[in-house]
Amino acid sequence: MTNHRETPIEISKEEFKKIGYQLIDSIADFMDTIKQKPVTTGESPKELQKIIGTSSIPENGTSAEELLAKTSGLLFNHSLFNGHPKFFGYITSSPAPIGALADLLAAAVNPNVGANILSPVATEIEKQTVKWLAEFIGVSPNYGGILVSGGNMANFTAFLAARTAKAPKNIKEDGISNATEKLTIYCSKTTHTWIEKAAVLFGFGSKSIRWIQTDAANKMGNEALELAIKNDLENGCKPIMVIGTAGDVSTGVVDNLKAIASICKRYDLWFHIDGAYGAPAAVIPELKMMFEGIEEADSIALDPHKWLYSPLEAGCTLVKNPNHLIETYSSHPVYYNFSNNEAQTQNYYEYGFQNSRGFRALKVWLTLQQVGRNGYIKMIGEDIQLSKLLFSLAEKHPELEAVTQNLSIATLRYVPLNNKQTSENNETILNSLNEALLNELQKGGEVFLSNAVVVGKYCLRACIVNFRTSKKDIEEVIEIIVREGRKMHKYLQEKQDAR
């Protein structure tokens, strides 16, 4: 009887080396030539379905070498590349090459970082990663936390910890519907949509959110915040948390975190900061005052796959008192045998939603070591300067209106020459023009921007979290926007004249 089991999934050592080297060579060529490719091919779902086929699951297998060669070509020729130097859409960074290698290594070892016994060294690496991220943004290394998939999950994880800490203690058994007081949450009108999801999914209801008006600088109005809290207390509600934003997704504004922290202390509320995008900029010495108060937060969400250049997925929840996570998520069914008498043992299934967890921390841990604090200060600082350059060039161009610039996000819009009107109807026309222009730019493949609506103006939005972007790219993007803006303006005028 043989000791070796033959299976169709196994790959021999020699074959693995051969196809692995081929794949690494292909990836290295891809990274080296990415700037020469279009940002996206703009193909429709129907076109892509035609390319990959719509057949049923195969009855018999195909060689790994053939599959990887074919799939490499599929991805390299039919993807949107957020690693392209002219990708400025949404907030997804150009991924660190060491992160790609880290994901390969993590998948090969395949630790389940839900329990220490299943992932002894991986658990320690994640613990150290969480500590380093806390130090990086300027809060105490005693914050605990967990790596999650991204901003939504990082904020959700903290949201429920806040509920455990500040809501009536009987909620775990009796549920929110039996609460004698209405639980209320406070955030600015610019807060990311995750808060609406959380309020609905976790039983609060969307009416529990108090949307606080922003001030002239687009920061949460703290006088309005305190007034809303007082009104709710007078009307029998129970305020439990305030959400401050460190880099809002539309314009990059950072709320007055120190003032919000003071209000939260005054009314014994949980202070959460959504820093998914902007928190890493706290590492810049010149921006220390902008982030003053971050160290007072009860919880912070940040995404290494945004401004720390990690490949997707990598989000993180930091909590000042990590026991609040354990009180929220820990469960001990009889079929778990993850106890350990050592005081230092940490089981991540007790810190968040997942029991089975991949090794997300490895790519973040390795990149933090490869780059170091000073390397990040340089890269993040350069991203900010490139954003300021884009804003400055837009200000100087007669066919562009520079609208806002904060952190590494600039907003602008195309305004045709001789457009002197200021009527409401003209604003509607400009909004339609810029929306059509954005759609064309996103399909065209030369540059990828997203949008923001700022004081009623539909803007082109560029978020630069990209270590490949250069000054030349910024200058070329201005030229592309103006050239395509003229074309779109002409097309829409001719379309209107033909009616």
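**Surface patch.** I began on the outside and found that Ile24, Leu101 and Leu104 form a nonpolar patch on the surface, with about 270 Å² of accessible area together. I kept in mind from the start that this is a predicted model. I then looked up where Leu101 sits, and it belongs to helix H4, which covers residues 97–109.

**Largest pocket.** Next I turned to open space. The largest pocket holds about 1,300 Å³. I listed 43 residues that line this pocket, and those closest to its centre are Leu23, Ile27, Ser72, Leu75 and Phe76. Which helices each supply at least two residues of the lining? I noted helix H1 (13–33), helix H3 (64–77) and H4. H1 gives the largest share of the lining, with 11 residues.

**Cysteines.** How many disulfides does a search of the whole structure find? My search came back with 0. I wanted to see why for Cys264: the closest cysteine sulfur, in Cys187, is 12 Å from the sulfur of Cys264, so the two are too far apart for a bond. For a disulfide, the sulfur atoms would have to lie within 2.5 Å. Cys316 is in no disulfide either, and its nearest cysteine sulfur, that of Cys463, is 19 Å away.

**Buried or exposed?** I finished by checking the cover over these two cysteines. Cys264 has a relative accessible area of 3%, so I wrote it down as buried. Cys316 is buried too, with a relative accessible area of 0%. For both entries I used the cut-off of under 20% for buried.

Note on methods. Residues are numbered from 1 along each chain as its sequence is written. This is a predicted model: local features need pLDDT of at least 70, side-chain atom pairs count only at pLDDT 80 or more; totals for chains, interfaces and linings use all residues. Side-chain values use heavy atoms; hydrogens and water are left out. Patches are made of residues with over 30% relative accessible area and no salt bridge: like charges are joined within 9 Å, nonpolar side chains (Val, Leu, Ile, Met, Phe, Trp, Tyr) within 5 Å. Accessible areas come from the Shrake-Rupley method with a 1.4 Å probe; for residues, only the protein chains shown count as cover. A salt bridge is a side-chain nitrogen of Lys or Arg within 4 Å of a carboxyl oxygen of Asp or Glu. Helices (H or I, at least four residues) and strands (E, at least two) are DSSP runs, numbered from the N terminus. Buried means under 20% relative accessible area, exposed over 50%, partly exposed in between (1.4 Å probe, protein chains only). On a 1 Å grid over the protein atoms alone, a cavity is a set of points where a 1.4 Å probe fits but cannot get out, and a pocket is an open set with protein on both sides within 12 Å along at least five of seven lines; lining residues have an atom within 4 Å of a point. Grid points are joined across faces, edges and corners, and a volume is the space filled by probe spheres set on the points.
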